[in-house]
Amino acid sequence: MKDQAEKLRDMVKAMRPFKFQVISVTSGKGGVGKTSFTVNLAYQLQKMGKTVLILDADLALANVDIILGERPKYNLLHLLTGEKNINEIIWESKYGLKFIPAASGFEELANLSKEKQLQIINALQEIYYKFDIMLIDTSAGISANVINFCLSSDKTIVITTSDPTALADSYAIARILLSNKDEASEIGLVVNMVEDEQEAEKLYRGMNNILREFTGQTIKYYGAVRKDKKLSESIKDRYILSAVYPKSDYSRDVEHIARYLVEGKRPERKENFWNKFLKNLKNLKVE
Ligand SMILES: Nc1ncnc2c1ncn2[C@@H]1O[C@H](COP(=O)(O)OP(=O)(O)OP(=O)(O)O)[C@@H](O)[C@H]1O
Ligand SMILES: [Mg+2]
């Protein structure tokens, strides 16, 4: 007999023959940039012509509304109590981004029973055909809610920073996901707030080697996102950085990852003017 968690996974998987793709964003440690990344990734995917729905699955400490600078009227709690249906709780944000808000400070959302999780999945089944991609912003850490959302997704993005504790925690969550996932789902690492991209790739290789040794499986490298002070300004002033400053370091890096997720290959990085100028200067033979 299948338990309810398994049924829930089967139901999400059953959605796959359609165009709908589910991508979860998670992390071991909190505060590493999940919500900002989810929102900016959604914007980039939308710019590429995809219809995107964000589900705020950081159920009891919701943040998507804050990062989007919105005050939605209804949220998942209204769905779970039966006051509103799924279409009524989808909030259209600026730049046309659609999201399903969670509610902060409600304990009942923090530890959702399997029945409640099924209720959400059932409701999602009514609307998924309207979207190409659903991005799920989860809470940090290893809870049953989070693991279930990730294991049911086509792709899970584990976000980390180069901080040793964040790396250790993302290793822990990646290991759990690898040990439980089915073959069809993919797990990839994004290293956030980096100063040096090559350093990020080295961190990934180190983590992947240990994962291979202990689980016999590997995760992908989705990319790195540079530290960019413009991001906190965008949150403070309530705009989406990728929309307002598409050429900022942060926006370019998220766009790069969005392209990799959709196209499966890494777009070439164009060298910027200053790098090229310095390189040319060094190579110049004319005295
Ligand atoms: N690439 C970056 N450069 C600079 N600051 C960043 C970057 N990414 C995230 N931050 C900052 O880190 C802080 C936390 O970001 P965010 O809320 O997105 O993290 P989170 O992982 O969703 O946190 P939580 O676990 O609490 O949900 C924000 O203040 C944000 O501005
Ligand atoms: Mg968050």
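**View 1. Strands S7 and S8 pair in parallel.** Six bridges join S7 to strand S8 (residues 220-226), and the two strands run parallel. Strands pair here if DSSP finds at least two bridges between them. Strands are DSSP runs of E with at least two residues, helices are runs of H or I with at least four, and both are numbered from the N terminus. Gly188 has Lys220 of S8 as its bridge partner. Together with helix H10 (residues 197-215), S7 and S8 make a right-handed β-α-β unit. Right-handed means that, with the strands pointing away from the viewer, the path from the first strand over the helix to the second runs clockwise.

The model is predicted: local features need pLDDT of at least 70, side-chain atom pairs count only at pLDDT 80 or more, and totals for chains, interfaces and linings use all residues. Residues are numbered from 1 along each chain as its sequence is written, while chains are lettered from A and ligands numbered from 1 in the order in which they are written.

**View 2. The open sheet has eight strands.** Their order is S3-S4-S2-S5-S1-S6-S7-S8, with mixed pairing. Strand S3 (91-92) and S8 stand at the edges; each has a single partner strand, so one side of each lacks a neighbour in the sheet. Strand S1 (residues 21-26) and strand S5 (residues 133-138) pair in the parallel sense over five bridges. In this view Val25 stands opposite Asp137 of S5.

**View 3. Helices H2 and H9 lie across the sheet strands.** H2 lies across S1, strand S2 (52-57), S5, strand S6 (155-160), S7 and S8. H2 runs at about 170 degrees to S5. Helix H9 (residues 164-180) lies across S1, S6 and S7, at about 165 degrees to S6. Axes are lines fitted to C-alpha atoms, for helices over the stretch in contact, and angles run from 0 to 180 degrees between N-to-C directions.

**View 4. Ligand 1 has 20 residues around it.** Gly30, Gly33, Lys34, Thr35 and Ser36 come nearest. A residue is near if its C-beta atom, placed from the backbone, lies within 6 Å of the molecule. Helix H2 (34-47), strand S7 (186-194) and helix H11 (229-236) each supply at least two shell residues. By class, the shell has seven nonpolar, nine polar and four charged residues. Nonpolar covers Ala, Val, Leu, Ile, Met, Phe, Trp, Tyr, Cys and Pro; charged covers Asp, Glu, Lys and Arg; the others, Gly among them, are polar.

**View 5. Asn40 sits in helix H2**. Asn40 counts as buried because it has 26 C-beta neighbours inside 10 Å. The cut-off for buried is 20 or more other C-beta atoms within 10 Å, for exposed 12 or fewer, and partly exposed lies in between, with C-beta atoms placed from the backbone. Leaving aside neighbours within four places in sequence, Asn40 is in contact (C-beta atoms, placed from the backbone, within 7 Å) with Ile240, Leu241, Ser242, Ser251 and Val254. The C-alpha atoms of Asn40 and Ala258 are separated by 9.5 Å, although the residues are 218 apart along the chain.

**View 6. Met193 and Arg238 have positive phi**. Met193, in strand S7, is not a glycine, yet its phi is about 60 degrees. Met193 is buried, with 20 other C-beta atoms within 10 Å. Arg238 lies in the loop between H11 and helix H12 (241-244). Its phi is near 60 degrees. Arg238 counts as exposed, with 12 C-beta neighbours inside 10 Å.

Notes. Two residues are in contact if their C-beta atoms, placed from the backbone, lie within 7 Å.
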